[in-house]
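Subject: Structure for you to look at

Dear colleague,

Here is the structure that I promised to pass on, followed by my notes on what was found in it. Please keep it open beside the text as you read.

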Amino acid sequence: ESAGHAIVRIESKGKLAFYVGDLFHHPAEVTHLDWIWPGRDQAQMLVSRQAVVDEALSADAVIITAHMLFPGIGRLQQLPHALEWVPLD
C-alpha cells in the first residue's frame, strides 16, 4: 500500500494465517482487487493482494485485517465468478 507496509505470514502446526494490515479495508476490496484508494502505490498493492489471495486460497489461510469490521478475521472463498470475504466469529 505504501512504503514500509508489511504483511506478516504466520505458520504453526500446518496452519497458515496472514496479518495484512492495510491491504484490505473493506470486503468489497476482496471481490474487486483493483479497487485501491488514490494516493497508494496501486501497482504494488495489486501485486501484493494477488500474492496473498493466491497463497491464502491454496492453503485455506486465515486473514487478519486492521480495518474490516471487528474482529477483522476471515477467510477467502473463491466463488464461480468472484472472490468473497468470509468473516470468522
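I begin with Thr-65, whose side chain reaches the backbone nitrogen of Met-68 at 3.3 Å; this is a polar contact, meaning a pair of N or O atoms within 3.5 Å, where within protein one atom must be able to donate a hydrogen and the other to accept it, and where residues adjacent in sequence count only if both atoms are side-chain atoms. Before going further, please bear in mind that this is a predicted model, in which local features need pLDDT of at least 70 and side-chain atom pairs count only at pLDDT 80 or more, while totals for chains, interfaces and linings use all residues. Residues are numbered from 1 along each chain as its sequence is written, and side-chain values use heavy atoms, with hydrogens and water left out.

Thr-65 lies in strand 3, where helices (H or I, at least four residues) and strands (E, at least two) are DSSP runs numbered from the N terminus. With a relative accessible area of 7%, Thr-65 is buried; the term buried stands for under 20% relative accessible area, exposed for over 50%, and partly exposed for what lies in between (1.4 Å probe, protein chains only). Not counting residues up to four places away in sequence, Thr-65 touches Tyr-19, Val-20, Gly-21, Phe-24, Gly-72 and Trp-85, a contact being heavy atoms within 4.5 Å.

Ala-66 is placed in the loop between strand 3 and strand 4, and at 39% relative accessibility Ala-66 counts as partly exposed. Leaving out residues up to four places away in sequence, Ala-66 touches Tyr-19, Gly-21 and Asp-22. The C-alpha atoms of Ala-66 and Asp-34, which are 32 residues apart along the chain, are separated by 19 Å.

As to the chain as a whole, its secondary structure comes to two helices and five strands, and from the N terminus on the elements run β-β-α-α-β-β-β. The radius of gyration of the chain is 12 Å, close to the 12 Å that the globule rule gives for 89 residues, so the chain is as compact as a globular protein of that length; the radius is taken over C-alpha atoms, and the rule is 2.2 Å times the number of residues to the power 0.38. Along its principal axes the C-alpha trace spans about 40 × 30 × 25 Å. Buried residues make up 33% of the 89 residues, and of the contacts with a separation of 6 or more, 41% are between residues 24 or more positions apart.

Which charged residues are joined by salt bridges? The structure holds four salt bridges, each defined as a side-chain nitrogen of Lys or Arg within 4 Å of a carboxyl oxygen of Asp or Glu. Among the residues involved, Arg-9, Glu-11 and Glu-55 are linked in a network of salt bridges. Glu-11 pairs with Arg-9, with the closest N and O atoms 3.0 Å apart, and Arg-9 pairs in turn with Glu-55, where the closest N and O atoms are 2.5 Å apart. Glu-11 is exposed at 55% relative accessibility, whereas Arg-9 is partly exposed at 44% and Glu-55 is partly exposed at 27%.

Asp-60 forms a salt bridge with Arg-75, the closest N and O atoms being 3.2 Å apart. Asp-60 sits in the loop between helix 2 and strand 3 (62-65) and Arg-75 in strand 4 (residues 73-78), so this pair ties together parts that are 15 residues apart in sequence.

Leaving aside neighbours within four places in sequence, Arg-49 is in contact with residues including Leu-23, Phe-24, His-32 and Trp-35.
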